[in-house]
Amino acid sequence: MAIHIFQIFYDENTQKILDPAFLPLDNTGSKRPDWLEYWPIRSVLLNQTFEDSDYVGFLSPRFFEKTGFMGAQVKALVERSGAEVVAFSPIFFDIARRQNIFLQGERFQPGLLSVSEEVLAAIGLGLDLKNLWQDQTRTIYSNYFVARYRFWKRWFGYCEQIFAMCERNDTPLAGRLNAFVPHRRTLNRYQMKIFIIERIVSALLEKLDLNAASKFNFIHQREEYVNGMKGVGKEPLDYSRFLLLDALKGQYLKTRQASYLNLYKFHLVHR
């Protein structure tokens with residue numbers, strides 16, 4: 001078993017901040033910037049092969065900034081886990097307070113929920129997203145995960161169906177996938193398809209009924225949360241609140257006892 005973790009860079013500035021423990025993945029001068037990270041990931045998965053049990057990952061240049069983990073720590077955590085999928089998602093507080101990653105996306109890219117349901121049904125990953133509950137073991141943001149190559153092959157098969165659909169662009173669904181949606185206060189740069197692609201991992205975990213081994217540097221996560229709230233002039237909440245929320249979701253998913261879900265909803269709305 002080997003560990004192959006790539007870190008994508010887009011220009012000289014992002015190349016300078018790459019972690020030396022990761023493999024640099026050059027996306028400068030991308031031929032298809034509309035696909036963002038999926039384009040270099042796709043290039044690797046089309047042109048390189050690994051052993052099925054090998055771990056593979058594709059991380060952004062801002063990985064340390066967002067997670068607080070150095071490359072050597074990531075490799076050690078992955079190796080010790082022995083899991084099929086190891087998640088290093090940022091923004092834990094958002095994982096804790098959202099029902100699932102698709103409803104989270106709907107808040108920022110309106111229309112994502114209905115497009116996701118239609119796309120997932122079309123590619124064989126159909127889910128009832130309005131009634132889906134996910135805790136940290138099924139919620140992965142921005143491709144921040146490392147997984148066995150055999151998992152990546154399944155992931156890639158589903159993503160390539162979406163890729164082909166968008167490239168043909170001959171159906172109303174393809175038109176919705178290729179439509180621009182707001183992101184980071186920008187209106188005409190990001191297309192819906194990239195926000196669907198980055199959520200396929202969470203849909204696949206549901207399909208396989210598989211939990212990821214989720215890893216968080218909670219000291220760093222809390223600092224990021226507090227600084228972010230202060231940056232927009234809001235008072236931060238007690239961070240332990242988010243740990244409680246996620247734990248309650250997890251217990252609900254294990255037991256399906258409504259009491260956990262009711263308690264979750266109570267703590268979600270009461271300071």
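# Sheet and helix packing

User: What does Ile5 stand opposite?

Analyst: Ile5 stands opposite Gly57 in β3. This is a predicted model, where local features need pLDDT of at least 70, side-chain atom pairs count only at pLDDT 80 or more, and totals for chains, interfaces and linings use all residues. Residues are numbered from 1 along each chain as its sequence is written, and side-chain values use heavy atoms, with hydrogens and water left out.

User: How many helices and strands does the protein chain have?

Analyst: The protein chain has 14 helices and six strands. Both are DSSP runs, numbered from the N terminus: helices are H or I with at least four residues, strands E with at least two.

User: In what order do the six strands form the sheet?

Analyst: The order is β2-β1-β3-β5-β4-β6. The sheet is open and its pairing is mixed. Two strands pair if DSSP finds at least two bridges between them.

User: Which strands stand at the edges?

Analyst: β2 (23-26) and β6 (213-214) do. Each has a single partner strand, so one side of each is left without a neighbour in the sheet.

User: Back to β1 and β3. Parallel or antiparallel?

Analyst: Parallel, over five bridges. β1 covers residues 3-9 and β3 covers residues 55-59.

User: And how do β3 and β5 run, parallel or antiparallel?

Analyst: Antiparallel, joined by three bridges. Val56 stands opposite Ala147 in β5. β4 and β5 also pair in the antiparallel sense, over three bridges. There, Val86 stands opposite Val146 in β5.

User: Which strands does helix α4 lie across?

Analyst: α4 (residues 71-81) lies across β1, β3, β4 (85-87), β5 (145-148) and β6. It runs at about 145° to β1. Axes are lines fitted to C-alpha atoms, for helices over the stretch in contact, and angles run from 0 to 180 degrees between N-to-C directions.

User: New topic, helix pairs. At what angle do α8 and α11 pack?

Analyst: About 120°, with their axes 10 Å apart. That makes α8 oblique to α11. Angles under 35 degrees count as roughly parallel, over 145 as roughly antiparallel, 65 to 115 as roughly perpendicular and the rest as oblique. α8 is residues 149-168 and α11 is residues 200-208.

User: Which residues of α8 meet α11?

Analyst: Phe151, Arg154, Trp155, Tyr158, Cys159 and Ile162. On the α11 side they meet Ile200, Val201, Leu204, Leu205, Lys207 and Leu208. Contact means heavy atoms within 4.5 Å. The residues of this contact divide into ten nonpolar, no polar and two charged. Ala, Val, Leu, Ile, Met, Phe, Trp, Tyr, Cys and Pro count as nonpolar, Asp, Glu, Lys and Arg as charged, and the others, Gly among them, as polar.

User: How do the axes of α7 and α8 cross?

Analyst: At roughly 110°, coming within 10 Å. The two helices are therefore roughly perpendicular to each other. Val119, Ala122 and Ile123 in α7 meet Tyr158, Gln161, Ile162 and Met165 in α8. That contact has six nonpolar, one polar and no charged residues.

User: At roughly what angle do α6 and α7 cross?

Analyst: Roughly 135°, with axes that come within 8 Å. α6 is residues 101-108 and α7 is residues 112-123. They are therefore oblique to each other. Phe102, Leu103, Gly105 and Glu106 in α6 meet Leu112, Leu113, Ser116 and Leu120 in α7. By class, that contact has five nonpolar, two polar and one charged residues.

User: Last one. What box do the C-alpha atoms fill?

Analyst: Roughly 50 × 45 × 40 Å, taken along the principal axes.
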